[in-house]
Amino acid sequence: MKASIVIKNGHLMTMDPECPEAEWIATGEDRILAVGRDEKYADFVNDSTLVIDAAGATVIPGFIDSHFHMVTTALSGKRISMEGARNFKEVGKRLKAARGKGKLKDKMIVATKLDCDKLEEGRFPDRTVLDRYCRDIPVAVYTTDYHALMLNTCGILYFKAPFTLNGVDVDENGMPTGIFTAQAGARLEANIRESVSDWELETALEAVMPELFAHGLTTVADMEGGNMNFGFGEDYDCEYIWKNRSKYPLDMELFYPTTDIEIVESKGLNRIGGALYVDGTLGRRTAALSTDYCDAPGTRGLLYVEPDSLREFVGACYEKDLQLALDVIGDEAIEESLCAFEYAQRLYGKKQLRNRIEHCEMMRKDQMRRAAELGIIVSVQPAYEGCWGGSGSMYHRRLGARYRETNQFRAMIDSGLVVCGGSDSDVTDLNPLVGIHYAVNHPVAANRVSLSEAVAMYTINGAYGLFLEDEIGSLTPGKLADMVILEENLQSLNPQKIKDVKVSLTVKRGKVLHNRGFHAET
């Protein structure tokens, strides 16, 4: 059989234990035909075969991001970035610059990626601060983790702030400060999202696709929703992706974040959750911990759902054979989640549902062993360590000496857990090589993994976490022809440079979707 594409002279990290390394790969119309060594690739070449010389660079399966917010990522490209802002003055400067653009006249400003923990003022910019720079059109500013939202006075009125819900911050006079979290933040987020038309969303999604392929992404576990809370009913973004996902060449495997199981069943989905928040974040001190926050004695975070309600919901998902993904960060919230899974297993017996815990930043070693026994998959974001890890970091300020216990990838793998990697885009960089970099170069040496283990997190383990290991995740004959050529040989590269490596070529189902001028000949 002749090949559509042959890649030769590569260092193939196949992620297939039967043939872990090879030098060439041949693909048919959309499937892998063969991999091998020496010159045997010539048997698959004819006049119409695209022959690509990898010139010693690494060839790996297409990257799988196991925790991705597709709609948020697409819309973020159309919004104002506050990344790197150091103080209120710099926030204001960016708001004024956005206000000065004619296209925003009589509309609104939505900004993202404000890391309030790094602001010189050491607090959120409230409505009085935002009014100082822009008072005549609505302004909404999201924190980096999307767990808090700040509005100016005009924004409070325009977006119809729900003062009766919890999560409304007030000053000493009982007046709203413009800072919203929890249920109030969730309602406001929905109101802001409703201001975006389907046409604007479609345009944003089309615009972001080339960037995803430029970073080698071929499949994402799409965790729509961002409700800052535990579950609601129908989700607008999920509905859009469900109806329109076939328009796009990227495979979007949807996790629907609802507690209404009938919604999921009506769509024939076998997955639920993803952005169902059992607790909050370390940055906001709302992740539920078993010990006090170091910089806030007496504070241990919040559980967003009562333990009995969580067990009832997990049991209902277990009964319906639904793969469930819970969004969990603190060790106390992890404990309640594991108890809920154990409860469901006692009721319905052991099932191979590959249930997942997303983020899992503070999982203890005893919890890892229990999770492995339950068959739980952990879906982690190594780039968190690049943003908040190490000595002197946000993790260190919040947790004290326990910062060494964040994202213990080495212990997770050694406990027998299947560990998947994702970006939580657009919370962190969507580039999978950034995640691989911080899995290999974790600020705490004891938590580091090997290059092969890190690549597995974004390939074969990601496929396993989606029940797709027979289709994608490794360069194995018969699987879909999803593959990436990097510009370097990762195995001979200084590990400190992994995040700087570029993707030269991305192939999805046998089609070249990204090419940085890579040499090819027919």
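Trainee: Which residues line the second largest cavity?
Mentor: Its lining is formed by Asp-65, Ala-383, Gly-422, Ser-423, Thr-428, Asp-429, Leu-430, Asn-431, Pro-432, Gly-435 and Tyr-458. Please keep in mind that this is a predicted model.

Trainee: How does that lining divide by class?
Mentor: The lining of the second largest cavity has four nonpolar, five polar and two charged residues. The space in this cavity is about 40 Å³.

Trainee: How many cavities of 30 Å³ or more does the structure hold?
Mentor: There are two of them. The largest cavity holds about 40 Å³ of space, and its lining consists of Pro-61, Gly-62, Ile-64, Thr-218, Thr-219, Ile-472, Gly-473, Leu-480 and Asp-482. By class, four residues of that lining are nonpolar, four are polar and one is charged.

Trainee: Is Thr-73 buried or exposed?
Mentor: Thr-73 has a relative accessible area of 7%, so it counts as buried.

Trainee: Turning to the nonpolar core, which residues have the most contacts inside the largest one?
Mentor: They are Met-70, Met-363, Met-412 and Ile-436, in a core of 86 residues. Helix α6 (residues 198-214) gives the most to this core, contributing seven residues. Apart from this core lies another, of 30 residues, which includes Leu-149, Ile-156, Phe-180 and Tyr-293.

Trainee: What does Met-412 touch?
Mentor: Not counting residues up to four places away in sequence, Met-412 is in contact with Cys-360, Met-363, Met-368, Val-378, Val-380, Leu-417 and Val-419.

Trainee: Met-368 is in helix α11. Which residues of that helix are buried?
Mentor: In α11 (residues 365-374), the buried residues are Gln-367, Met-368, Arg-370, Ala-371 and Leu-374. Viewed down the axis of α11, these buried residues fall within an arc of 165 degrees, so they line one face of the helix.

Trainee: And what covers the buried residues of α11?
Mentor: The cover includes α10 (331-348) and α14 (409-414). Just after α11 comes Gly-375, with a positive phi of about 75 degrees.

Trainee: A glycine, then. Which residues other than glycine take a positive phi?
Mentor: Among them are Lys-113, with phi near 65 degrees, and Arg-285, with phi near 60 degrees.

Trainee: Where are Lys-113 and Arg-285 placed?
Mentor: Lys-113 lies in strand β10 (residues 109-114). Arg-285 is found in the loop between β17 (271-277) and α9 (307-319).

Notes: Residues are numbered from 1 along each chain as its sequence is written. This is a predicted model: local features need pLDDT of at least 70, side-chain atom pairs count only at pLDDT 80 or more; totals for chains, interfaces and linings use all residues. Side-chain values use heavy atoms; hydrogens and water are left out. On a 1 Å grid over the protein atoms alone, a cavity is a set of points where a 1.4 Å probe fits but cannot get out, and a pocket is an open set with protein on both sides within 12 Å along at least five of seven lines; lining residues have an atom within 4 Å of a point. Grid points are joined across faces, edges and corners, and a volume is the space filled by probe spheres set on the points. Ala, Val, Leu, Ile, Met, Phe, Trp, Tyr, Cys and Pro count as nonpolar, Asp, Glu, Lys and Arg as charged, and the others, Gly among them, as polar. Buried means under 20% relative accessible area, exposed over 50%, partly exposed in between (1.4 Å probe, protein chains only). A nonpolar core is a set of buried Ala, Val, Leu, Ile, Met, Phe, Trp, Tyr and Cys residues joined through side-chain atoms within 4.5 Å. Helices (H or I, at least four residues) and strands (E, at least two) are DSSP runs, numbered from the N terminus. Contact means heavy atoms within 4.5 Å. The arc is that of the directions from the helix axis to the C-beta atoms.
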